[in-house]
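Student: I have a protein open on my screen and would like to go through it with you. Could we take it piece by piece?

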Amino acid sequence: MVRNTTRSAIISNRRITGLTAEVIAELVAEVGPLWHERHQARLASRPRKRAVGAGAKHRLVFVDRLLATLVHLRHAATHDVLACWFEVDRSTITRAIGEVRPLLAERGCTVSPGVRLRTLAEVIDHLGASGKTGIIDGTEIRVRRPAAGRKDRDTFISGKNKQNAVKTMVLTDQNGRVLFSSPATPGSCADITHARQLGLVKLLADGPAVEILADAGYQGLGAQTGGRVVTPPHRKFKKNAPDWYEEMHERQRKAHSSRRIRVEHGIAHLKNWRALARHLGRREHMSDTVQAVAGLLSRQQTADLTPARQR
């Protein structure tokens, strides 16, 4: 069990968890009851010789379980290192992260105090109601190579980076604030295919009038969504283009790029959490990891932009 002085040092130093003490306190108050409820339900779900609550008590209380998960996501610290730090067995840390990470992923992205977006449909409705522009882009996270002989081994090979990776679609607002991060899909999936699988075309075609900026990897969605997805201008001349066209095309391309660059800033903030720089755990946990980090980052961004009197 970690000592109180060590716990206080972790909470008070934002460099360790990436979150302020106020945000961590909010997580404890919100996620703690959910964890205890699921833990009690898990204990009562199987035949027992002892009453629920009997026997040895947890050496790692919920606050320490949350802190261990945050440190793991922020710095990709191994379970062995965290076990030594919190003075428990490695399996305890593995179990704690496996229980807390899904709870963090379910919280969604925070756009203002008390307002969260959990699905892509909610994000599109929010952008339509607020009149803001959304920006989408796909990002890849390198993962370990699947075992030899696995049938879907080649599906994780990225055609762009020629590495084993998973892909997620990130959606930010015009200021670069993270609003949504999709579940992970194998790296061989094209950006435009992933967007279609997530239902973005139908949501934009049937939903509110929203402008979505995207890069050249999403060309074709504009025609399917009535022009609501804006991609870089298509080059009409492949060879021997007139000088006036080259100048016009370059000017339009730079104008679009200067607006779309905000999503790259949002992705960079996500990749500051080392668990997303390169994932060394199980690939099936990547969706929870990506969505948990996106939710934590968006909550901290909201806290940084909210005046103290409104918190």
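Predicted model: local features only at pLDDT ≥ 70, side-chain atom pairs only at ≥ 80, totals over all residues.

Student: Is α4 largely enclosed or largely open?

Tutor: It is largely enclosed by the rest of the structure, because 11 of the 14 residues of α4 are buried. Those buried residues include F62, D64, R65 and H72, together with several others such as L66, L67 and V71.

Student: Which elements cover them?

Tutor: The cover over the buried residues of α4 includes α1 (4–12), α2 (14–17), α3, α5, α6 and α12.

Student: Switching topic, which residues touch the most other members of the largest nonpolar core?

Tutor: That core has 51 residues, and the ones that touch the most other members are F86, I93 and L104. The elements giving two or more residues to this core include the helices α3 (21–44), α6 (90–105) and α11 (243–271), as well as the strands β3 (134–142) and β4 (165–173).

Student: Which element gives the most?

Tutor: Helix α12 gives the most to this core, with 8 residues. Apart from this core lies another one, of 22 residues, and among them are I124, M169, F180 and Y218.

Student: Since α12 came up, what can you tell me about Q300, buried or exposed?

Tutor: Q300 sits in helix α12, and with a relative accessible area of 2% it falls under the 20% cut-off, so Q300 counts as buried. If we leave aside neighbours within four places in sequence, Q300 is in contact with R14, G18, L19, T20 and V23.

Student: Where does T185 lie, and what does T185 touch?

Tutor: T185 lies in strand β6, which covers residues 185–186, and at 13% relative accessibility T185 also counts as buried. Not counting residues up to four places away in sequence, T185 touches V166, K167 and H194.

Student: Now the loops. What is the phi of A76?

Tutor: A76 is found in the loop between α4 and α5, and its phi is near 55 degrees, which is a positive value in a residue other than glycine. Most residues other than glycine have a negative phi. A76 is partly exposed, with a relative accessible area of 34%.

Student: What about the phi of E87?

Tutor: E87 has a positive phi of about 60 degrees, although E87 is not a glycine. E87 lies in the loop between α5 and α6, and it is partly exposed, at a relative accessible area of 38%.

Student: How far apart are T78 and G281?

Tutor: In sequence they are 203 residues apart, yet in space T78 and G281 are 9.6 Å apart, C-alpha to C-alpha. T78 lies in the loop between α4 and α5, and T78 is partly exposed, with a relative accessible area of 44%.

Student: And where is R283, and what does R283 touch?

Tutor: R283 has its place in the loop between α11 and α12. Not counting residues up to four places away in sequence, R283 touches V143, R144, R145, P146, R150 and F156. Of these, R145 is 138 residues from R283 in sequence, while the C-alpha atoms of R283 and R145 are 9.7 Å apart in space.

Student: Last one, how many helices and strands does the protein have?

Tutor: The protein has 12 helices and 8 strands, and 44% of its 311 residues count as buried. Its C-alpha trace spans about 80 × 60 × 35 Å along the principal axes.

Methods:
Residues numbered from 1 in each chain as written. Heavy atoms only, no water. Helix = DSSP H or I, 4+ residues; strand = E, 2+ residues; numbered from the N terminus. Buried < 20%, exposed > 50% of the residue type's maximum accessible area, 1.4 Å probe, protein only. Core = buried A, V, L, I, M, F, W, Y, C linked by side-chain atoms within 4.5 Å. Contact = heavy atoms within 4.5 Å.
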